[in-house]
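Welcome, and thanks for taking a look. Here is a short tour, from the whole chain down to single residues.

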Amino acid sequence: MTATVAVYQQDAYARSCEASVLESGPDGVVLDRTVFYPLGGGQPGDTGLLESGDGRTWRVVDTRKGEGGRVLHLLEPDTAPPETGLALTPALDWDRRYAHMRMHSALHLLGAVLRYGVTGGQIAADKGRLDFDTQDEIDRDRVTAAVNALVAANLTVGSRWITDEELDRQPELVRTMSVQPPRGVGRIRLLDIDGVDLQPCGGTHVKATGEIGPVVVTKVENKGKRNKRVYIAFA
Ligand SMILES: [Zn+2]
């Protein structure tokens, strides 16, 4: 089974690419390559259009992981899918995706400020949250100021790949206790925010923290004995 080339992992800023249809059916449209990020790691699946050279378009309402490294583009219900082999241009709803990139990156900064284990998280275009494994009190104003200082520092956000074995030798890299990074693919992508955060992450991020813009911690909730849920939004 041919996997989909994940253009979004190499270049999160690619809004479209050239592609062709590998398979098309009720589960979705599989392309040989795509800029569409599939739901995962708390980040929603992308939406947008598939455009063919003859002027036809298909609306993608969600994107999911399929089997064997394939990416499934989910079309509106009752849409006749594009035919196998057709050359297409997948084109993102960029404003939505870019908001996800900014919010996703902001959550990394939140996790850098609050150095507790992370047990869950959720990203949306206008807000996000992380669950922390702690009983400590969390001061909203202090955390807001600390995150915004990291935003203002305009730190470089980079990534590099390591092997499964290298990660096994550095288990402290894994902050997300509920979601272990995928093994068995042979290599794992590490997100690196200029000495502030280093951890496995397959999501899409901005290339410098200044792009996030000011954020605010809107709420801290107690979710169980050892769990604090911290919400942030764009200020
Ligand atoms: Zn990430």
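What share of the contacts in the protein chain with a separation of 6 or more comes from residues 24 or more positions apart? In this predicted model, such pairs account for 65% of those contacts. The secondary structure comes to four helices and 15 strands, and the chain is divided into two parts, domain 1 (5-92) and domain 2 (97-234).

**Overall shape**

- Taken along the principal axes, the C-alpha atoms fill a box of roughly 55 × 40 × 35 Å.
- Of the 235 residues, 34% count as buried.

- Domain 1 and domain 2 have their C-alpha centres 27 Å apart.
- Where they meet, 11 residues of domain 1 are in contact with 15 residues of domain 2.
- On the side of domain 1 that touches domain 2, there are five nonpolar residues, five polar ones and one charged one.

**Helix H2**

- Helix H2 covers residues 94-113, and its end C-alpha atoms are 29 Å apart; this agrees with the 28 Å that its 20 residues should span at 1.5 Å a residue.
- H2 is mostly covered, since 14 of its 20 residues are buried.

- Strand S12 (residues 187-193) and strand S13 (residues 197-200) run antiparallel and are joined by four bridges.
- Within this pairing, Leu191 has Gln199 in S13 as its bridge partner.
- Three residues lie between the two strands of the hairpin, and Asp194 takes a positive phi near 40° there.

**Positive phi in two loops**

- Asp78 is not a glycine, yet it has a positive phi of about 65°.
- You will find Asp78 in the loop between strand S7 (71-75) and strand S8 (87-92).
- Asp78 is exposed, because 5 other C-beta atoms lie within 10 Å and the cut-off for exposed is 12 or fewer.
- Asn154 also has a positive phi, of about 50°, although it is not a glycine.
- The loop that holds Asn154 runs between helix H3 (140-152) and strand S11 (157-163).
- Asn154 counts as partly exposed, because it has 13 C-beta neighbours inside 10 Å, and partly exposed lies between the exposed limit of 12 or fewer and the buried limit of 20 or more.

**Residues apart in sequence**

- Ala152 lies in helix H3 and is partly exposed, with 13 other C-beta atoms within 10 Å.
- How many residues separate Ala152 and Gly210 in sequence, and what is their C-alpha to C-alpha distance in space? They are 58 residues apart in sequence and 5.7 Å apart in space.
- Arg169 lies in the loop between helix H4 (164-168) and S12, and it is exposed, with 9 other C-beta atoms within 10 Å.
- Along the chain, Arg169 and Leu39 are 130 residues apart, and their C-alpha atoms are separated by 28 Å.

Technical notes
Residues are numbered from 1 along each chain as its sequence is written. This is a predicted model: local features need pLDDT of at least 70, side-chain atom pairs count only at pLDDT 80 or more; totals for chains, interfaces and linings use all residues. Two strands pair if DSSP finds at least two bridges between them. Domain bounds come from an automatic or database domain assignment. Two residues are in contact if their C-beta atoms, placed from the backbone, lie within 7 Å. Ala, Val, Leu, Ile, Met, Phe, Trp, Tyr, Cys and Pro count as nonpolar, Asp, Glu, Lys and Arg as charged, and the others, Gly among them, as polar. The expected span of a helix is 1.5 Å times one less than its number of residues.
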